[in-house]
Amino acid sequence: MNAWLSLTKKEFQLGFPAFLIALILYLGILSGGYFTGNYAGYTEGLLSVALGFVVTLHIFFLPFYLYYSLSAERKRLHLWLHTPMSIAGLLSSKVVTGITFMVSTFAVFIIGSTQFFLHTFDFFNQETIFNLLGSITVFVFTLGFFIAALFLFFWSIFLTFSHLMNDFISFILTFILFLFISWIYGSLMDLSFMQTLTNWGSIQVNDIIVGFEFGYVENAFEAQAMSESSIFYIGHFVRDIVVAVIMFIAACWIIEKKVEV
């Protein structure tokens with residue numbers, strides 16, 4: 001455990017530039033939304049869109065972080081893979097570090113968005129905020145973890161190919177394999193048996209904002225929201241988490257057994 005904690009501490013230093021890149025991007029989007037909206041007279045509308053976009057972008061933070069960190073490690077792959085720690089320990093250190101960075105910015109922006117919407121739009125009541133907060137948090141982190149595990153799985157396959165041929169051919173073959181496996185997975189999920197297996201634990205979330213209508217009323221900005229009852233299945237989230245864990249384990253096995261350095 002001490003060795004893993006020490007490795008994770010070093011990982012924070014290695015991955016900090018990726019965190020800064022993402023943070024600058026987030027702040028740039030918010031600044032662009034604010035100044036553009038202020039210039040065009042749609043400050044509240046464009047700033048709310050920018051906030052929503054920044055929160056949604058967190059889905060891709062963990063995959064981006066892993067890409068940045070693993071790209072740096074690939075330059076000294078022989079040293080990284082020959083450490084006494086297992087591949088699962090090496091990769092989990094990166095995943096935990098990425099999630100920590102992701103949580104730090106996500107919490108700030110989600111709290112800021114909550115306060116902004118509560119004080120700007122009167123149709124955002126407390127119930128709406130809690131529904132949105134819970135739904136968005138579960139969605140962002142589940143999908144983000146799934147995409148990150150997907151990236152790790154195909155990155156391990158790319159590494160295997162790259163030891164046999166050049167990077168360009170390896171990328172093409174990996175992409176073709178990605179399309180093929182995605183088609184198989186999609187076809188499998190469309191089977192009535194799989195839908196029955198995963199469509200359990202339905203949760204009806206009322207008062208979820210699904211769209212906006214913008215307009216001018218006497219030179220004043222007016223926003224109206226449409227809401228509808230949405231149904232989420234716990235089984236879908238459990239399915240995605242289980243598949244993500246399987247892909248993570250498979251990536252560890254491929255790197256440990258198939259990647260020679």
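I note the cut-off before I start: buried means under 20% relative accessible area, exposed means over 50%, and partly exposed lies in between. The model I am reading is a predicted one.

**Entry 1: salt bridges**

I searched the whole structure and found 2 salt bridges. I took Arg239 and Asp240 to begin with. Their side chains meet at 3.1 Å, N to O. Arg239 has a relative accessible area of 21%, so I put Arg239 down as partly exposed.

Next I looked up Lys94 and Glu11. Their side chains form a salt bridge of 2.8 Å, N to O. This pair links distant parts of the chain. Lys94 is in helix 5 (residues 87-120) and Glu11 is in helix 1 (residues 2-40), 83 residues apart. I found both Lys94 and Glu11 buried.

**Entry 2: the second largest pocket**

I read off a volume of about 410 Å³ for the second largest pocket. It has 13 lining residues, and the closest to the centre are Phe151, Phe154, Trp155, Phe171 and Thr174. Which elements give two or more residues to this lining? I listed helix 3 (61-74), helix 6 (126-162) and helix 7 (167-189). Helix 6 gives the largest share, 5 residues. By type, I sorted the lining into 10 nonpolar, 2 polar and 1 charged.

**Entry 3: a surface patch**

I then turned to a nonpolar patch on the surface. Phe168, Ile169, Phe171, Ile172, Leu173, Phe175, Ile176 and Leu179 form this patch, with about 750 Å² of accessible area together. I checked Ile169, which is found in helix 7. Its relative accessible area is 35%, so Ile169 is partly exposed.

Technical notes. Residues are numbered from 1 along each chain as its sequence is written. This is a predicted model: local features need pLDDT of at least 70, side-chain atom pairs count only at pLDDT 80 or more; totals for chains, interfaces and linings use all residues. Side-chain values use heavy atoms; hydrogens and water are left out. On a 1 Å grid over the protein atoms alone, a cavity is a set of points where a 1.4 Å probe fits but cannot get out, and a pocket is an open set with protein on both sides within 12 Å along at least five of seven lines; lining residues have an atom within 4 Å of a point. Grid points are joined across faces, edges and corners, and a volume is the space filled by probe spheres set on the points. Helices (H or I, at least four residues) and strands (E, at least two) are DSSP runs, numbered from the N terminus. Ala, Val, Leu, Ile, Met, Phe, Trp, Tyr, Cys and Pro count as nonpolar, Asp, Glu, Lys and Arg as charged, and the others, Gly among them, as polar. Patches are made of residues with over 30% relative accessible area and no salt bridge: like charges are joined within 9 Å, nonpolar side chains (Val, Leu, Ile, Met, Phe, Trp, Tyr) within 5 Å. Accessible areas come from the Shrake-Rupley method with a 1.4 Å probe; for residues, only the protein chains shown count as cover. A salt bridge is a side-chain nitrogen of Lys or Arg within 4 Å of a carboxyl oxygen of Asp or Glu. Buried means under 20% relative accessible area, exposed over 50%, partly exposed in between (1.4 Å probe, protein chains only).
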